[in-house]
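Welcome, and thanks for taking a look at this one.

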Amino acid sequence: MRYFLLLFFIQVHSQVIMQDSIYIVTRGTNEKRELIADNFNLYNKNITHVGLGIRKNNNLIIYNLMPTEDKNNLIIDNLSTFFTKDNIYYMAIYSCAINSSNMNLLINKLTNLKSINLKYDYEFSIHNDNFYCSEFVAYLLNSLEDFDFKTTISDSCFEYYPAFSQAESSGLA
């Protein structure tokens, strides 16, 4: 069933993906559900990984952070590569319209981030230069001008940006 849904997304996404929107692309896998999502996600307990998508050449390009062997842990996926992981049981894409000024700001920021060595944060701490996947998306969204996005830290002893903590309540869903 997963592959049918994936093929459906791949077949129709070029007609659905809007130039003036950003996309929060999420997936859920069994490996991190009990450890992370069940304990720390405030709204959607199915999400274990998140990336930020923008339209480029009629395709959805998804920027996300994952641990890799490379110096830079920034991963640039398309829908097919983002959703081609083992044990995926949940997929969701949220969209939000933004103005052209913010889109240009976001594209410039992403272009600059590709040239530096972003590191995946195994400590889930906001007090270092590393990023967990949802912390990375929150960083990008909070950099936009006049864009009302709120992040929430859910536990004072285990600092963690819940995967897309306020999407449903802020109108991004």
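**The core and its surroundings**

The largest nonpolar core has 32 residues, and the members that touch the most others are Ile22, Leu52, Leu106, Phe136 and Leu141. Strand 1, strand 2, strand 3, strand 5, helix 4 and helix 5 each contribute at least two residues to this core. Helix 5 gives the largest share, five residues. Please keep in mind that this is a predicted model.

**More on the cores**

- Setting aside residues up to four places away in sequence, Ile22 touches Leu52, Gly53 and Ile54, and also Tyr94, Ser95 and Cys96.
- Another core, of nine residues, lies apart from the largest one; Tyr23, Leu79, Phe82 and Met91 are among its members.
- As general background, nonpolar side chains tend to be buried together in soluble globular proteins.

- Five strands form an open sheet in the order 4-3-2-1-5, and their pairing is antiparallel.
- Strand 4 (74-77) and strand 5 (88-97) are the edge strands; each has a single partner strand, so one side of each is left without a neighbour in the sheet.
- From one strand to the next, the twist averages 25 degrees.
- Strand 1 (residues 21-29) pairs with strand 5 in the antiparallel sense, over nine bridges.
- Ile22, one of the residues that touch the most other core members, has Cys96 in strand 5 as its bridge partner.

**Helices across the sheet**

- Helix 4 (residues 100-114) lies across strand 1, strand 2 (49-56), strand 3 (59-65) and strand 4, and runs at about 115 degrees to strand 2.
- Helix 5 (residues 133-142) also lies across strand 1, strand 2, strand 3 and strand 4, but runs at about 45 degrees to strand 2.

**The protein as a whole**

- The protein has six helices and five strands, and from the N terminus on its elements run α-β-α-β-β-β-α-β-α-α-α.
- Of its 173 residues, 46% count as buried.
- Among contacts with a separation of 6 or more, 66% come from residues 24 or more positions apart.

Note on methods. Residues are numbered from 1 along each chain as its sequence is written. This is a predicted model: local features need pLDDT of at least 70, side-chain atom pairs count only at pLDDT 80 or more; totals for chains, interfaces and linings use all residues. Side-chain values use heavy atoms; hydrogens and water are left out. Two strands pair if DSSP finds at least two bridges between them. Helices (H or I, at least four residues) and strands (E, at least two) are DSSP runs, numbered from the N terminus. Axes are lines fitted to C-alpha atoms, for helices over the stretch in contact, and angles run from 0 to 180 degrees between N-to-C directions. Contact means heavy atoms within 4.5 Å. A nonpolar core is a set of buried Ala, Val, Leu, Ile, Met, Phe, Trp, Tyr and Cys residues joined through side-chain atoms within 4.5 Å. Buried means under 20% relative accessible area, exposed over 50%, partly exposed in between (1.4 Å probe, protein chains only).
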